[in-house]
Amino acid sequence: MKNTMFKFILLVNLMITTGLVIYIVKNHNVEIDLSREVLQVRGLVVTDSTGVERVIIGTHLPPAQGSGYRFYRGDNSGVSGVMLYDHEGQERGGYVTDDSYGNIFLTLDSKISQRVLFMAEPQGAATLKMWGKNQNQINLGTSDDGIWFDVSDQGKNQNIIENN
């Protein structure tokens with residue numbers, strides 16, 4: 001008797017719950033509010049165990065940092081995105097958009113200077129540049145107007161392709 005009564009109550013409960021779910025879904029526009037689930041910040045700084053900044057994510061990132069000091073990049077140099085730093089706090093690259101022209105950059109830096117730049121302009125042109133010591137450089141690009149590929153070996157320009 002108890003087992004039969006338990007099954008009956010369970011069945012009635014299941015039917016009522018199913019009916020309520022169907023009613024709510026059909027008669028109400030159920031919207032999921034993620035506002036309490038999304039973290040909105042203007043910046044985030046990730047430090048290592050010694051307190052050295054290793055990653056900065058933000059809008060209007062701080063000026064470039066080299067040899068432990070921040071230095072001014074020049075007018076119209078504001079960027080937003082992600083900057084990466086090594087264990088000494090030296091800027092080593094980033095993935096950013098600039099605030100002036102709307103370009104997007106991926107950069108890789110040595111301890112001395114920028115070595116790789118991959119850039120896309122808002123109008124569609126794309127450029128890949130790589131620098132080495134002694135004025136060695138590779139420049140590859142494309143736009144609606146054409147393509148280019150040139151190499152500079154110790155400052156001597158070797159124009160491989162220019163179709164502008």
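Visitor: Where does L20 lie?
Guide: L20 lies in helix 1, which covers residues 2-27. Keep in mind that this is a predicted model.

Visitor: And what sort of surface patch is L20 part of?
Guide: A nonpolar one of about 790 Å². Besides L20, the patch is made by M5, F8, I9, V12, I16, Y23 and I24.

Visitor: Which elements have the lowest and the highest mean pLDDT?
Guide: Strand 12, residues 156-163, has the lowest mean at 70, while strand 9 has the highest at 95.

Visitor: Let's go to strand 9, then. How many bridges join it to strand 8?
Guide: There are 5 bridges, and the two strands run antiparallel. Strand 9 spans residues 126-131. The pair forms a hairpin with 5 residues between the strands, and G124 in the turn has a positive phi of about 120 degrees.

Visitor: In which sense do strand 7 and strand 8 pair?
Guide: Antiparallel, over 6 bridges, with strand 7 at residues 104-109 and strand 8 at residues 114-120. A hairpin through 4 residues joins them.

Visitor: Switching to the inside: which residues make up the largest nonpolar core?
Guide: That core has 9 residues: I56, L61, V79, M83, Y85, V96, F105, L117 and M119. Strand 5 (79-85) and strand 8 are the elements that give two or more residues to this core. Strand 5 gives the most, with 3 residues. As background, nonpolar side chains in soluble globular proteins tend to be buried together.

Visitor: Now charges. How many salt bridges does the count come to?
Guide: The count comes to 4 salt bridges.

Visitor: Which partners does D86 have?
Guide: D86 forms a salt bridge with R92, where the closest N and O atoms are 3.6 Å apart. D86 also forms one with K111, and there the closest N and O atoms are 2.3 Å apart.

Visitor: Is D86 buried or exposed?
Guide: D86 is buried, with a relative accessible area of 8%. R92 is partly exposed at 31% relative accessibility, and K111 is partly exposed at 39%.

Visitor: What does D48 form a salt bridge with?
Guide: With R54, the closest N and O atoms being 3.6 Å apart. D48 is partly exposed, with a relative accessible area of 21%, and R54 is also partly exposed, at 29%.

Visitor: Which sense do strand 1 and strand 2 pair in?
Guide: Strand 1, residues 43-47, and strand 2, residues 53-58, pair in the antiparallel sense over 5 bridges. V46 stands opposite V55 in strand 2. The hairpin has 5 residues between the strands, and G51 takes a positive phi near 90 degrees there.

Visitor: What about the phi of H60?
Guide: H60 has a positive phi of about 55 degrees although it is not a glycine. For context, most residues other than glycine have a negative phi. H60 sits in the loop between strand 2 and strand 3 (64-66), and H60 is exposed, with a relative accessible area of 52%.

Visitor: And the phi of Q135?
Guide: Q135 is not a glycine either, yet its phi is positive, about 65 degrees. Q135 is in the loop between strand 9 and strand 10, and counts as exposed at 58% relative accessibility.

Visitor: How far apart are I138 and N157?
Guide: They are 19 residues apart in sequence and 9.8 Å apart in space, C-alpha to C-alpha.

Key
Residues numbered from 1 in each chain as written. Predicted model: local features only at pLDDT ≥ 70, side-chain atom pairs only at ≥ 80, totals over all residues. Heavy atoms only, no water. Patch = residues over 30% accessible without salt bridge, like charges linked within 9 Å, V, L, I, M, F, W, Y side chains within 5 Å. Areas by Shrake-Rupley, 256 points an atom, 1.4 Å probe, with all protein chains shown as cover. Salt bridge = Lys/Arg side-chain N within 4 Å of Asp/Glu carboxyl O. Pairing = 2+ DSSP bridges. pLDDT = per-residue confidence, 0-100. Core = buried A, V, L, I, M, F, W, Y, C linked by side-chain atoms within 4.5 Å. Buried < 20%, exposed > 50% of the residue type's maximum accessible area, 1.4 Å probe, protein only.
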